[in-house]
Amino acid sequence: IALVLLVVGAAVVMVPFVWMVSLSLKTPPEIFTPTIALLPQGFHLENYTAALTRTDLPRFLLNGAVVCGAILFFQILFAVPCAFALAQRSFRGRTLVFGLVLAGLLVPFHVTAIPIFLGLAQLKLINTYTALIVPFVASVFGIFLFRQAFAAMSTELFEAARIDGLSETAIVWRIAFPLALPSATAFGIFSVVAHWNDLFWPLIATPSPDLATPPRGILYFRDRESGYDIGPLMAATVIVVAPMVAVFLVAQRRFVQGIAAGGLKG
């Protein structure tokens with residue numbers, strides 16, 4: 001029964017993706033036919049050619065890679081030392097700080113979007129890569145996830161490293177972080193997928209097409225008179241989604257390990 005339920009659930013989840021790929025390979029007459037046909041009559045790659053040439057889709061993909069890579073780098077740079085301090089160091093107010101981290105998880109980004117936008121506008125940073133990156137460099141979810149991973153590690157290991165003369169920075173990056181790679185992989189997937197698919201903030205912060213990220217770039221397939229060009233639109237969507245699917249398939253084992261490790265110890 002469990003297997004049947006899993007198969008049915010997976011099929012329901014996969015239907016939109018299969019339909020997206022099917023539409024990307026169909027001609028306009030096939031797309032707008034009154035009947036539903038899951039498989040295309042032939043593999044028409046003209047939609048993919050149009051997706052890559054009608055708009056600057058490679059530029060949108062490059063923008064997405066730059067933004068997601070920079071955000072992930074700074075999130076790990078800031079979250080790992082903070083999480084290590086909360087998990088392995090004793091200081092006054094540690095419980096209060098961790099409580100504030102948990103409270104931060106409850107605040108959606110949309111609540112702070114307006115003051116962040118006004119601040120960036122005052123600094124004349126709107127319509128720059130900085131506007132796309134800076135609001136997300138501190139991740140409370142990253143601090144929480146790494147804190148849970150570090151809390152499950154042996155304190156004696158870090159004490160031995162201190163006796164051997166390692167600095168706190170060296171302990172964090174040379175011992176703790178390599179041991180938390182499954183959690184880092186899980187967090188990396190969460191972070192990259194979230195910001196790769198984000199449309200809300202890029203639509204506000206960067207009106208220039210030159211800085212458009214993949215989701216915002218897909219909007220350029222919309223025509224005011226004819227609406228959406230479904231075939232190239234679906235082809236562009238497949239191209240945008242494919243890197244995320246590939247990354248998850250490659251890192252799925254470490255992803256599961258990281259999520260499991262995050263719940264071992266409170």
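Entry 1. I took buried to mean under 20% relative accessible area, exposed over 50%, and partly exposed in between (1.4 Å probe, protein chains only). I noted that this is a predicted model, in which local features need pLDDT of at least 70 and side-chain atom pairs count only at pLDDT 80 or more, while totals for chains, interfaces and linings use all residues. Residues are numbered from 1 along each chain as its sequence is written, and side-chain values use heavy atoms, with hydrogens and water left out.

**Entry 2. Loop residues.** I looked up K124 and found it in the loop between helix 6 (109-122) and helix 7 (129-133). K124 is exposed, as its relative accessible area is 72%. Its phi is positive, about 60 degrees, although K124 is not a glycine. N127 lies in the loop between helix 6 and helix 7. N127 also has a positive phi, near 65 degrees, in a residue other than glycine. At 28% relative accessibility, N127 is partly exposed.

**Entry 3. The chain as a whole.** I recorded 14 helices and two strands; these are DSSP runs (helices H or I, at least four residues; strands E, at least two), numbered from the N terminus. The C-alpha trace spans about 70 × 60 × 30 Å along its principal axes. Of the 266 residues, 40% count as buried. I took contact to mean heavy atoms within 4.5 Å. Among the contacts with a separation of 6 or more, 71% come from residues 24 or more positions apart.

**Entry 4. Helix 4 with helix 8.** At what angle do helix 4 and helix 8 pack? I read about 45 degrees, with the axes 8 Å apart, for helix 4 and helix 8 (residues 140-151). Axes are lines fitted to C-alpha atoms, for helices over the stretch in contact, and angles run from 0 to 180 degrees between N-to-C directions. Helix 4 is therefore oblique to helix 8; angles under 35 degrees count as roughly parallel, over 145 as roughly antiparallel, 65 to 115 as roughly perpendicular and the rest as oblique. The contact includes A83, F84 and A87 of helix 4 and F146, F150 and A151 of helix 8. I counted its residues by class as 11 nonpolar, two polar and one charged. Here Ala, Val, Leu, Ile, Met, Phe, Trp, Tyr, Cys and Pro are nonpolar, Asp, Glu, Lys and Arg are charged, and the others, Gly among them, are polar.

**Entry 5. Helix 4 with helix 5.** The axes of helix 4 (residues 57-88) and helix 5 (residues 94-105) come within 10 Å and cross at roughly 135 degrees. These two helices are therefore also oblique to each other. A85, L86, A87 and Q88 of helix 4 meet R94, V97, F98 and V101 of helix 5. This contact divides into six nonpolar residues, one polar and one charged.

**Entry 6. Aromatic rings.** My search of the whole structure gave 15 aromatic pairs. Rings of Phe, Tyr and Trp (its six-membered ring) pair if their centres lie within 6.5 Å; planes under 30 degrees apart are stacked, over 60 edge-to-face and the rest tilted. The F84 and F158 rings are edge-to-face, because their centres are 5.1 Å apart and their planes lie at 90 degrees. This pair links helix 4 to helix 9 across 74 residues of the chain. F84 is buried at 2% relative accessible area, and F158 is buried at 0%. Both belong to one aromatic cluster, which includes F141, F146, F150 and W173.
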